[in-house]
Amino acid sequence: MSETDKTNPTAARTNGFEYRFNKDNPRPVITKTRPLAADSPGSSLALTCLRFGAPGARPKAYLQAGLHADEMPGVLTLQHLIPLLETAEAEGRIAGEVLVVPLANPIGFAQWVQGKPQGRQDLGTMQNFNRGFPDLAALAGDDLEERLGDDPAQNVQAIRAAFGRALAAAPAPDQGAALRLALMGWSHDADHVLDIHCDHHAVLHLYASPARPGDTAALCRAMGAELALIEEISGGHAFDEAHSASWVLLRRCFGDRFPIPAACFATTLELRGQMDVDDATAARDAAGLMDYLTAVGVLAGQAILSHPDARHLPLSGALEVFAPQGGVVTWAARPGDTVTEGQVLGHVTDPMMRLRLPVTAPCAGLLFRIELWPSCLRGQGLAHVAGAEPRRSGDLLSA
């Protein structure tokens, strides 16, 4: 009997997954813990994944939160989602398979400096935790040449299997690489991938590929998102695009010979701002996630998509607003406001020179986020306005 079995008589192990029984729910919650090899002696971290539904059932959904480990709205939302999934499991309403990683970045969660959580960039390498995920198309492309054919469904299976082999063979030279490989090991074959984040002060919005607009609209309507920022490939190899962009790149490579569907809807879902952490909001967002999972067939039942669809605008049309000087920031507009080009959004005051300079909108559109801190340095990014016309190219995501 394992150590866990000795201390928890309601647990059992099968194929590496641990079954934990909720006292109010007769069915087990299937949990898998994956250790992350330590970079220093005497330290250890691990990831936890909860599974609902039958292994291999379709559609498969994967949800995670806390990859940017200073962002807690999604982490709390998943805590409210898990008991809803437990109930759905007990009632036999999970038609597909659902994996939930409730805290996707224990490395960043442990990194604090002078009493403040960091968690966006790794303090050791200064690399953004949500950049640099493996390029599955590049890793698996050579393995696919002789495996693809005329059947789109069989091609999807072959590609997902090739992704799995490539991830299993990929090296993990440090703990950050091990983290990325572990997360993608659970998610690479999912039909729906939701990476849940938040911004500083922001409206609920999301980032998605144009490949599956119906899923984008369903998620917006389930969650009450105000904005969907759309781009085929944004650059930087963020977690969501490590999934969706791989299918785009394989289609560019093989699509003239073999049919390759857009087999994964992947999104970064931004649950408003960092301070929007309370149980009532998290419970509503968890209910919205259940509605989305129902709408796309992961859960059985009738979805309630009660919100209107969001504005769908190009990510390349989202322009950043920069501080004209260092000082104190005050805002005349707030996230969610529709603004015109040149409109005064706020001011930056230099308290020594007593100079107050305006911060103006770089384009017409939706002011969807502003920075958390009321102080700034000259040239620092302060806000973003989403416009209707593409105005940028190259890597479109912030650092």
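Predicted model: local features only at pLDDT ≥ 70, side-chain atom pairs only at ≥ 80, totals over all residues.
Is glutamine 79 buried, partly exposed or exposed? Select glutamine 79 in helix 2 (residues 73–90), where helices (H or I, at least four residues) and strands (E, at least two) are DSSP runs numbered from the N terminus. At 44% relative accessibility, glutamine 79 counts as partly exposed, given that buried means under 20% relative accessible area, exposed over 50%, and partly exposed in between (1.4 Å probe, protein chains only).

Residues are numbered from 1 along each chain as its sequence is written, and side-chain values use heavy atoms, with hydrogens and water left out.

**The whole chain**

Zoom out to show the whole chain, which contains nine helices and 22 strands. Its C-alpha atoms fill a box of roughly 70 × 55 × 45 Å along the principal axes, and 52% of the 399 residues count as buried. The radius of gyration is 22 Å, which agrees with the value near 21 Å that a compact globule of 399 residues would have; the radius is taken over C-alpha atoms, and the globule rule is 2.2 Å times the number of residues to the power 0.38. Among the contacts (heavy atoms within 4.5 Å) with a separation of 6 or more, 70% are accounted for by residues 24 or more positions apart.

**Strand 9 and its aspartates**

Select next aspartate 195, which sits in strand 9 (residues 192–199). Aspartate 195 is buried yet has no salt bridge, and the nearest side chain of opposite charge, that of arginine 131, is 7.8 Å away. Leaving out residues up to four places away in sequence, aspartate 195 touches a set of residues including Gln64, Asn130, Phe239 and Thr268.

Move along to aspartate 199, which forms a salt bridge with arginine 369, the closest N and O atoms being 2.6 Å apart. Arginine 369 lies in strand 20 (residues 365–370) and aspartate 199 in strand 9, so the pair ties together parts that are 170 residues apart in sequence. Both partners are buried.

Histidine 384 is in strand 22 (residues 381–386) and is buried, with a relative accessible area of 13%. The C-alpha atoms of histidine 384 and phenylalanine 368 are separated by 6.3 Å, although these residues are 16 residues apart along the chain.

**Other salt bridges**

The structure holds 13 salt bridges. Select glutamate 232 and arginine 252, whose closest N and O atoms are 2.9 Å apart in a salt bridge. Glutamate 232 is partly exposed, at 33%, whereas arginine 252 counts as exposed, at 55%. Then show Arg58, Arg160 and Asp191, which are linked in a network of salt bridges.

**Backbone stops**

Most residues other than glycine have a negative phi, and most peptide bonds are trans. From arginine 58 to proline 59, however, the peptide bond is cis, with omega near 0°, and proline 59 lies in the loop between strand 4 (45–53) and strand 5 (60–65). Go next to methionine 126, whose phi is positive, near 60°, and which counts as exposed at 54% relative accessibility. Finish at arginine 354, with a positive phi of about 55°, in the loop between strand 18 (344–350) and strand 19 (355–360).

Key. Lys, Arg positive; Asp, Glu negative; His and termini not counted. Salt bridge = Lys/Arg side-chain N within 4 Å of Asp/Glu carboxyl O.
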